[in-house]
Amino acid sequence: MRQRINLAVWRIAVLMVVYSVVRICYFIFNFRDLVHEDYAFAFLHGLRFDLSAILIINAVFLLLWLLPAKWQDSLIWRFFVHPVFIFANTFFVALSIVDIELVNFHSRRLTLAFFTLKQDVGSQLPQLIVYYWWLALGIFMVGFTLAGLMPRQPRDTALVAGKFLNRLEIWLGQFFRQFGKYETPAMLTVYFALIVLGIR
């Protein structure tokens with residue numbers, strides 16, 4: 001169980017880093033139009049929103065990641081569940097990347113109103129990709145990065161994030177060992193409590 005929770009923590013951490021990099025890019029490309037003076041506070045506040053969004057987007061996966069390892073070794077997991085996870089997160093990060101340039105047209109961040117333009121956007125998509133090739137390249141790099149840094153199964157974690165997860169495993173083991181036979185229920189309680197707290 002600890003190994004599966006460790007892997008969930010790693011995946012969330014990777015997504016937090018990706019969203020932070022996108023925010024830095026947004027800051028660099030739109031610096032002249034920003035009027036907020038306390039950039040450090042704004043960035044830290046953004047991390048809180050990122051965490052909430054990541055937990056909401058991945059709510060179903062946060063439950064699936066607790067399934068026994070044998071389920072996560074199945075072909076369904078390898079060729080459906082995991083690819084859907086990568087695609088879903090790439091899609092939502094892509095919206096933030098598009099927002100880097102879109103804000104210059106609407107003078108505001110991306111909202112649901114953008115999707116009312118889907119017909120116009122769809123017809124002009126090839127031209128937009130060519131003109132804003134660097135945004136398309138950024139989206140491709142995000143998908144490639146997530147695919148490379150997100151292990152499919154718990155047993156693959158050593159190949160991707162061995163040292164980080166080994167230290168987390170030791171710390172969690174020391175903390176939860178005091179619960180004795182209730183170690184697993186205690187871990188699940190903390191796991192879901194942190195998810196709810198993060199979303200709120």
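**Nonpolar core, aromatic contacts and a salt bridge**

In the largest nonpolar core, which comprises 36 residues, the members that touch the most others are Leu62, Trp65, Val93, Leu146, Met150 and Tyr191. At least two residues of this core come from each of α1, α2, α3 (59–64), α5 (75–106), α7 (133–149), α8 (157–176) and α9 (183–199). The greatest contribution is that of α1, with 12 residues. The model is predicted. In soluble globular proteins, nonpolar side chains tend to be buried together.

Trp65, one of the core residues listed above, is in contact with Arg4, Ala8, Arg11, Gln72, Trp77, Phe85 and Tyr191 when residues up to four places away in sequence are not counted. Trp65 also belongs to an aromatic cluster, together with Phe61 and Phe85.

Arg11, a contact of Trp65, is located in helix α1 (residues 2–29). Its relative accessibility is 1%, under the 20% limit, and Arg11 therefore counts as buried. Beyond neighbours within four places in sequence, the contacts of Arg11 are Trp65, His82, Phe85, Met150, Pro151 and Arg152. Two of these, Trp65 and Met150, are among the core members with the most contacts to other members.

Across the whole structure, 6 aromatic pairs are found. In one of them, Tyr191 and Phe192 adopt an edge-to-face arrangement, with 5.3 Å from centre to centre and 80° between the planes. The two partners fall into separate accessibility classes: Tyr191 is buried because its relative accessible area, 7%, is under 20%, whereas Phe192, at 34%, lies between the 20% and 50% limits and so counts as partly exposed. Tyr191 is also listed among the core residues touching the most other members and is in contact with Trp65.

Side chains of opposite charge can pair when their charged atoms come close. A search of the whole structure identifies 1 salt bridge. It is formed by Arg23 and Asp50, whose closest N and O atoms are 2.7 Å apart. The pair connects distant parts of the chain, with Arg23 in helix α1 and Asp50 in helix α2 (residues 39–57), 27 residues apart. Arg23 has a relative accessible area of 22% and is therefore partly exposed, while Asp50, with 8%, is buried.

Note on methods:
Residues numbered from 1 in each chain as written. Predicted model: local features only at pLDDT ≥ 70, side-chain atom pairs only at ≥ 80, totals over all residues. Heavy atoms only, no water. Helix = DSSP H or I, 4+ residues; strand = E, 2+ residues; numbered from the N terminus. Buried < 20%, exposed > 50% of the residue type's maximum accessible area, 1.4 Å probe, protein only. Contact = heavy atoms within 4.5 Å. Phe/Tyr/Trp six-rings, centres within 6.5 Å; stacked < 30°, edge-to-face > 60°. Salt bridge = Lys/Arg side-chain N within 4 Å of Asp/Glu carboxyl O. Core = buried A, V, L, I, M, F, W, Y, C linked by side-chain atoms within 4.5 Å.
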